[in-house]
Amino acid sequence: MPILIAVGVLAAAPPAVAAPSAPPGTAAAPAAGSHKPWNPEPELPGPVAVPRKGTKPAPFTTKTKPISPKALRGSEKATGNGLRAGTGAAVRGRSAAAEPGEPWYCTEYVTPRTSLNADSDNYSATVQYVAELGCNFYLDYAYGVAGIVDRSAGYDGTLLYVGSPFSFSQYYYGATYGGIQIPGDFYDGGRQVEVIFELYLLAPIGTAWGACGPLPGLRYLLCDGLGTDLLHIVLGTGAFTSGLSEPVIRYTALGDSYSSGTGAPPYLGSPNPANCRRGNGTYSVQIQGDRFRGLSIDRTNLKACHGARINELTAPQSLEEFPQVEYVKQYTRLVTLTIGGNDLGFASKLRQCALSDCGGAPLVTPTELQTTQARLVSLYQNITSRMRSDAVLVVLSYPAFLPIPGVDPLPTSGSCFGTNATLDTAELTRIAEGTAQARDMIAAAVRATGDARVVFVDAFDAFQGHRVCSGDPWSNGFVLSDPEESFHPNARGYRAIADRLRQALGITL
């Protein structure tokens, strides 16, 4: 995917005097496949050697600020850069038919243009310009170069691009042109930009510059040299929009049924695979539009799928989709994940508890936990290698959805359909122990990455007071009409997990 390119000439209608004299410049681009934040570092032209005047400061190095047009006292405020010809000055007019006493002046023009690209993998704005100088007399020397400066809040003054300069002697016209593609998902600035045009203009011997007069569509940022024969000016177009919307948190939700939305129908239709049971009730959809790190969370890219195991995040679970990790892009800023429960066999072990007896031994063994932890560490590292360098991978543990003996009131005969008839106190204890062991193992895997961008969020007690068999359960018990929904969060449960995420990450509504 192209990250940064220098773009070609912008079509314009310059004065009928000469063709532009310089090709577009080039700007620095990240290496292909780089996941680092976009950070243009355009190469600056060197100092300017002006005939008769020596070396002058390099463009884009002089401090500037907006100023009003200026004129020497007694000078007529001409449009553009007015010249005062002294007695005996040899000013050569561009036109052979120049009238005696005709005012001599130069005029600058900057023509910007923007365009927006917004496909699934390339959200960018292209900013182009043509910057021209035209005089009605021959300058002894002229030098000009233009560039693009970021004027977005927090980025004001950042130089994004510098084109190739032009220079000439004993002539009256010069132009430079160029542009840049600003990747809106990699760079939070670039929403407001300004084209800057910097020039050194040397007038004929015996003349002096008398005015930096108004120029249509431009503002002066510097006017230095009035009363002398060397004028140093910096002009700007003023800030204008590149077309990019305000930056957002691009968000991808990965994992298994506890992230897909199983338990809170209705489920999304095509192009989502039916077996993935993705639904708008899930927690990731609940937080879209909220604010994280000062930016709005974009529409959720929900790729979690019912039944997913660790290996099915890196290999296709369905012929209809790529592996889940492939949906984590270089521009992704937030990833959430629940995974590992199916690798530990929780679904089959819960069925065993319901159909027979699982109260005599732990649900998971140390070997199962150790093997799963190592695989999780590798998965987390795979995901972080794909996302933005400043992104966050949030790993959630599973909530304890059944009553915990000693913590919650236990169901009595007839008070909780299915649960009290099939799960006794010993089995409920084993299920709670297994859920806690999975929580601790997932937390250990997060720590083992040594990566501060991988954040653990403990959801174990998110349903406390609202577990199955309570007066207001946030999780399904046995669902005879659709057994796959059993022991999964309902809509209120997913809202509770969303609230846990908000609290842990500082997400605001």
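## Basis of the model

The model is predicted: local features need pLDDT of at least 70, side-chain atom pairs count only at pLDDT 80 or more, and totals for chains, interfaces and linings use all residues. Residues are numbered from 1 along each chain as its sequence is written, and side-chain values use heavy atoms, with hydrogens and water left out.

## Overall fold

The protein chain contains seven helices and 21 strands (DSSP runs, H or I of at least four residues for helices and E of at least two for strands, numbered from the N terminus). Of its 509 residues, 54% are buried (under 20% relative accessible area, 1.4 Å probe, protein chains only).

Contacts (heavy atoms within 4.5 Å) between residues at least 6 apart in sequence join residues at least 24 apart in 75% of cases.

## Cavities

Four cavities of 30 Å³ or more are present. A cavity is a set of points on a 1 Å grid over the protein atoms alone where a 1.4 Å probe fits but cannot get out; lining residues have an atom within 4 Å of a point.

The largest cavity has a volume of about 60 Å³, taken as the space filled by probe spheres set on the points, which are joined across faces, edges and corners. Its lining residues include C276, R278, K303, C305 and E312.

## Helix α3

Helix α3 spans residues 346–355, and its buried residues are F346, K349, L350, C353 and A354. They lie on the same side of α3, because they cover an arc of only 145 degrees around the axis (directions from the helix axis to the C-beta atoms).

Definitions and conventions: Buried means under 20% relative accessible area, exposed over 50%, partly exposed in between (1.4 Å probe, protein chains only). On a 1 Å grid over the protein atoms alone, a cavity is a set of points where a 1.4 Å probe fits but cannot get out, and a pocket is an open set with protein on both sides within 12 Å along at least five of seven lines; lining residues have an atom within 4 Å of a point.
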